[in-house]
Amino acid sequence: MDTISVAAARRAEAVGRTVRLCGWVRTRRDSKGGFSFIELNDGSCQGNVQVVAAGELPNYEDVVKKLKVGASVAVEGEVKASPAKGQATEVHATKVDLLGDADAETYPLQKKGHTYEFLRTIAHLRPRTNTFGGIARLRHQVSMSVHQFFDERGFFYIHTPIITASDCEGGGELFRVTTIDPDKPPKKDGRTDYTQDFFGKPAYLTVSGQLQVEAFACSLGKVYTFGPTFRAENSNTPRHLAEFWMIEPEVAFADLSDNMNLAEAFLKRIVGDALAKCDEDLKFFAERVDKGLFDRLNAITAQPFLRVSYTEAVDILTKAGKTWEFPVAWGSDLQSEHERFLTEQHFKQPVILYDYPRTLKPFYMRVNDDGKTVRAMDVLVPGVGEIIGGSQREDRLDVLETRMKEQGLHPEGYSWYADLRRYGTVPHAGFGLGLERTLLFLTGMANIRDVIPFPRTPGNAEY
RNA sequence: UCCCCUGUAGCUCAGCGGUAGAGCAGCCGGCUGUUAACCGGCGGGUCGAAGGUUCGAAUCCUUCCGGGGGAGCCA
């Protein structure tokens, strides 16, 4: 007898097969006719399979009629076409084994809906719900799409380090990595002596693999990194995590226009794959979470992204006739309200903003000929705002070093990075995409803590 | 980190100076294939914590802790 998944058992092709199924009870309904319906889910898909358990089963009264939500069972039986509405198939059980009971008095999940806030307090059990099972499957699909997209285009997957001594952006809050005993640190001249630390100097969790992946772009041509990144910012918002996953491609011999083309194709591929392969889960999110989900996703694949320069965007915003909480002026950064207005109200579609003032962007972005702007780009999408940030990199050694000093960085700390310009420098470009922000966009979920298995945020590192 | 809102039964909430309530879940019973099944009954809470005001505090005040929304920063 084959053991098959719930997903397989729900397909019409399974009718006639005698199979074994294992999963968790979502609900049990006892019929007036002296038998029971068990909704079984094993996480393989959004839907449940309906198991019909006859009153004649030897353990019907003792076990079947006492099955609780959350109990794990193994079922053997024949898959048949369902005579009733609601499902294509059902399994007529010849055997129902209870694997693990779930005490109904204490099991926190009910048949009814729960708030996301409550489910966050039981993060180890929430993947058993429709919503979080669907998010996990979508997260998997997006990850696979990332690798397939780049592999098909000849990119190499580079494993950049998690522990690093360089601080990519020159600012930002970092998590320190140390083996020094915090209660009795070694001292030198009154300060902690990091020469005695594990790495012989201060080390941190990475905030980005960009600098290291650039080294591989400048040798293998087309590369990407995809891994966890860490920010110790004390930001409590529905869009920030202390630990999140980021995808960062980097391409040699590419300029900002190539970079925009890549970013657009990449987003279209991810959304297109999700639409094609996660239809059942997306329908669930469209029904329960975000009514406008399919319109929003289809808008990604349907048309080219608009490309608007920062200067044009500032012009649009100043002429919009709106009162902004933060004033709009050339040279100041665009705020959330401005980005959301552009993509959600003015253009009503994804838009790529580019050529930002040099004072607003990090040292590694290539300075344009006007001297005032850099070849930066941000991809804005309705519902989320900024989802991708990237740039063409500064490939001229002298300009790079000038920009480092401009931003108060010590070029000595980046000598290996400067070497990429010192020896055989090439134009190159890349971007970063936050996996969780992509999932917010794909599912319509409102809080980033609900699209990662175990969220890490200020004051919260449970599980 | 700042501003606003909020914390009452396992869950979702009502009560907002006079001594604790509903729906759902749970338990028991009923019901000729059910679809968040339905119908009847029962049990369940030191009202986030600590102080304070008051004859009396879930209710008013203070502080702290948790949660949510917005902002900053960003992905």
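I began with isoleucine 387, where a backbone N or O atom lies 2.9 Å from a sugar or linking oxygen of RNA strand B. I note that the model is predicted, that local features need pLDDT of at least 70 and side-chain atom pairs pLDDT 80 or more, and that totals for chains, interfaces and linings use all residues. Residues are numbered from 1 along each chain as written, chains are lettered from A and ligands numbered from 1 in the order written, and side-chain values use heavy atoms, without hydrogens or water.

**Entry 1: the RNA**

I looked up two further polar contacts (pairs of N or O atoms within 3.5 Å). At leucine 241, a polar backbone atom is 2.8 Å from a base nitrogen of RNA strand B. At glutamate 105, a side-chain N or O atom is 3.1 Å from a sugar or linking oxygen of RNA strand B.

I then asked which elements give two or more residues to the surface near RNA strand B. They are strand 2 (18-30), strand 6 (89-100), helix 2 (116-120), strand 14 (243-252) and strand 18 (385-392). Helices (H or I, at least four residues) and strands (E, at least two) are DSSP runs, numbered from the N terminus.

I found 51 residues around RNA strand B (a heavy atom within 4 Å), and the closest are Lys32, Arg120, Asn234, Thr237 and Arg437. Sugar and phosphate make up 55% of the RNA strand B atoms that come within 4 Å of the protein. By class, I recorded 14 nonpolar, 20 polar and 17 charged residues on this surface; Asp, Glu, Lys and Arg count as charged, and Gly as polar.

**Entry 2: helix 5 and helix 12**

I compared helix 5 (residues 256-277) with helix 12 (residues 435-443): their axes (lines fitted to C-alpha atoms over the stretch in contact, angles from 0 to 180 degrees) come within 11 Å and cross at roughly 45°. Helix 5 is therefore oblique to helix 12. In contact (heavy atoms within 4.5 Å) are Ile270, Val271 and Ala274 of helix 5 and Thr438, Phe441 and Leu442 of helix 12. I listed five nonpolar residues there, one polar and no charged.

**Entry 3: helix 8 and helix 9**

Helix 8 (residues 310-318) packs against helix 9 (residues 336-346) at about 80°, with the axes 11 Å apart. The two are therefore roughly perpendicular (65 to 115 degrees; under 35 is roughly parallel, over 145 roughly antiparallel, the rest oblique). I saw Ala313, Ile316 and Leu317 of helix 8 meet His338, Phe341, Leu342 and His346 of helix 9. This contact has five nonpolar, two polar and no charged residues.

**Entry 4: helix 10 and helix 11**

I found helix 10 (residues 397-406) and helix 11 (residues 415-422) at about 150°, with axes 9 Å apart. They are therefore roughly antiparallel. Leu397, Leu400, Glu401 and Met404 of helix 10 meet Tyr417, Ala418, Arg421 and Arg422 of helix 11. I counted five nonpolar, no polar and three charged residues in this contact.

Definitions and conventions:
Polar contact = N/O pair within 3.5 Å; in protein donor to acceptor, adjacent residues only side chain to side chain.
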